[in-house]
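I want to see where each one sits and what it touches.

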Amino acid sequence: MASATRRMTVAQAVVEYLSKQYTVDSIGGVDYRERLIPGTFGIFGHGNVAGVGQALKQYQQQDPRIMPYYQGRNEQAQVHQAVGYARHTRRRQTFAVSTSIGPGSSNLLTGAALATANRLPVLLLPSDTFATRAADPVLQQLEQPYAYDITVNDAFRPLSKFFDRVSRPEQLFSAFHHGLRVLTDPAETGAVTISLPQDVQAEALDVPEEFLAEREWRIRRPEADDDDIHRAAAAIRAAKRPLIIAGGGVLYAYANEELSAFVEATGIPVGNTQAGVGVLPWDHAFSLGAIGSTGTTAANAIAAEADLIIGIGTRYEDFTTASRTAFQNPDVKFININVAPIDAYKHGTSLPIVADARKALVKLNQALGGYRIGADLEQTIAAEKKRWDTTVDEAFDARFTPLPAQNEIIGATNRGMDAQDVVICAAGSLPGDLHKMWRVRDPFGYHVEYAYSCMGYEIPGGLGVKRAALAEAAAGGTVRDVVVMVGDGSYLMMHTELVTAVAERIKLIVVLIQNHGYASIGSLSESLGSQRFGTQYRALDEEQHSFDDGETLPVDLAMNAESLGVKVIRIEPGEKVIAELEQAIRDAKAAPEKGGPILIHVESDPLLDAPASESWWDVPVSQVSELESTQQAFKTYADHKNRQRKLLG
């Protein structure tokens, strides 16, 4: 008997199909069911206006709840919103993003790379040129004489975890089935890109009702192999100075409570990656805070002597390992617990555990039974933690005038926010300073995009987190304010999503730190002997063709935000900057939830650095130079290079 079908366009089938997809998850015996794609972003052009655009409009008129549509001002920023939403919902939900062909599609590329690098799901639906080639070439088509079937969308292949092109209507069934399989797989997730030619989107076909029925995608949370657990437990018992490195995988697995139980039972201290901030509250007795190049002196001191590293849910980027100089014990070994094999096998470990972090910790807790670190290590942990906390207190309490240090601004923002609020950042000097100094009190309280560290992510990413926080509160969950911290360099990259927040009256709080340039790269450039070249916003000196020594640009970013419809609070330089900033945070939090975005403008001195991590980051220095500053920098670089390990065990 033939199954029932419905006559509809490919785009209509895609929209209705996506509206019926759900993720199902089970944590500690409690089941959760979430709508996988709660909405679609889209900027329309000739490539998708008659396809996905028409379908979204049709369903909006039938029932706006079928597939809510959200505007954006930039295609890349729409992906960032989806990523922020996915991060806050712990990868159970994300958005679809529809674009036109040509530049509309290629504008997604940076967002796709960011999502894949961060292991966060986004569904990208870039339009493509005519599959039939009835009109050829079309507006915005890229032609390659050596391969005429290549389009702009082929650039997504190396940036996506899954790529397909629906060149015929019948292909949409397998394309979306396999695409969503990857989207909901914790080990494989990232950007899923399904290219939709503009003519195919509008083409009709008979769609089986089975395709349009509700479907559940159960999030895989694999158990740890018992033999692996026994070997890991034996290695931990034999260790004298073990250390845990906790990454984002702990949070995605909802394993923070199990990690806390493990740490309190064993006394093994925890250093966390950028994605792992929040696995323990900052003042937990065994939380050493950030580790690596942007880490605390406490975590790095323990790491230097550790004989066993237990990596849980981390991908071990170079900041985490201080470019493979963090671990100086010649006998150090690694246990890597990760749902993704690529991460579980890193650094040559002989003890990979490919498993869900929470389930692995449950078994480890049972297997270790009574193990605890020595009293000498506990004393060292307490002393190092106290030393670092005192360092941060001093950095937060300094009062430079008339312009404050960024440290003071971070401290004031931290104090002005509530425990459950979320801080957002991505690029510049802020991520490193936040990583080492931010005092997190809630597992959802910190989101710094640092796998791709994309300038411009902050405002759209923060808007995505705020959308998720609003949905969380509407479902009876925690009420959270979202505070974006962004420097002027990143602000100028992609501030346009403030208009999106204005249009939807979303209260996003933005702390804009004006330091007239790229403070992070300026500091790095100086340390590498390049004298802060090209990192300051100055008028052109035509004689030297230099932007290093001219007048400060007469740019008023507060006025720019006001012109977009944003409420702005200006903090003027002077002795009361920090007190006024702290009050401004509280005033912004007290503003009506539907009152729209609020931007707090504050200036800082970019030459006042954060406390040192007593660590290193490998950025090559010119081996030969006529600049004395570069010559000296290379000597320092060579000294650090001698401490770098080629392979860890």
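I started with Glu458, whose side chain makes a polar contact with the side chain of Ser490 at 3.1 Å. For me a polar contact is a pair of N or O atoms within 3.5 Å; within protein, one must be able to donate a hydrogen and the other to accept it, and residues adjacent in sequence count only if both atoms are side-chain atoms.

Ground rules: this is a predicted model, where local features need pLDDT of at least 70, side-chain atom pairs count only at pLDDT 80 or more, and totals for chains, interfaces and linings use all residues. Residues are numbered from 1 along each chain as its sequence is written, and side-chain values use heavy atoms, with hydrogens and water left out.

Back to Glu458: I found its side chain also reaching the backbone nitrogen of Gly456, at 3.2 Å. Glu458 is buried but has no salt bridge, and Arg87, the nearest side chain of opposite charge, is 15 Å away. Buried is under 20% relative accessible area (1.4 Å probe, protein chains only); a salt bridge needs a side-chain nitrogen of Lys or Arg within 4 Å of a carboxyl oxygen of Asp or Glu.

Next I looked up Asn336. Asn336 counts as buried because its relative accessibility is 1%. I see its side chain reaching the backbone oxygen of Lys346 at 3.0 Å. Gly313 is 23 residues from Asn336 in sequence, and their C-alphas are 7.9 Å apart.

Leaving out residues up to four places away in sequence, Arg92 touches several residues, including Asp25, Glu34 and Tyr254; contact means heavy atoms within 4.5 Å.

Note on methods:
Buried < 20%, exposed > 50% of the residue type's maximum accessible area, 1.4 Å probe, protein only. Lys, Arg positive; Asp, Glu negative; His and termini not counted.
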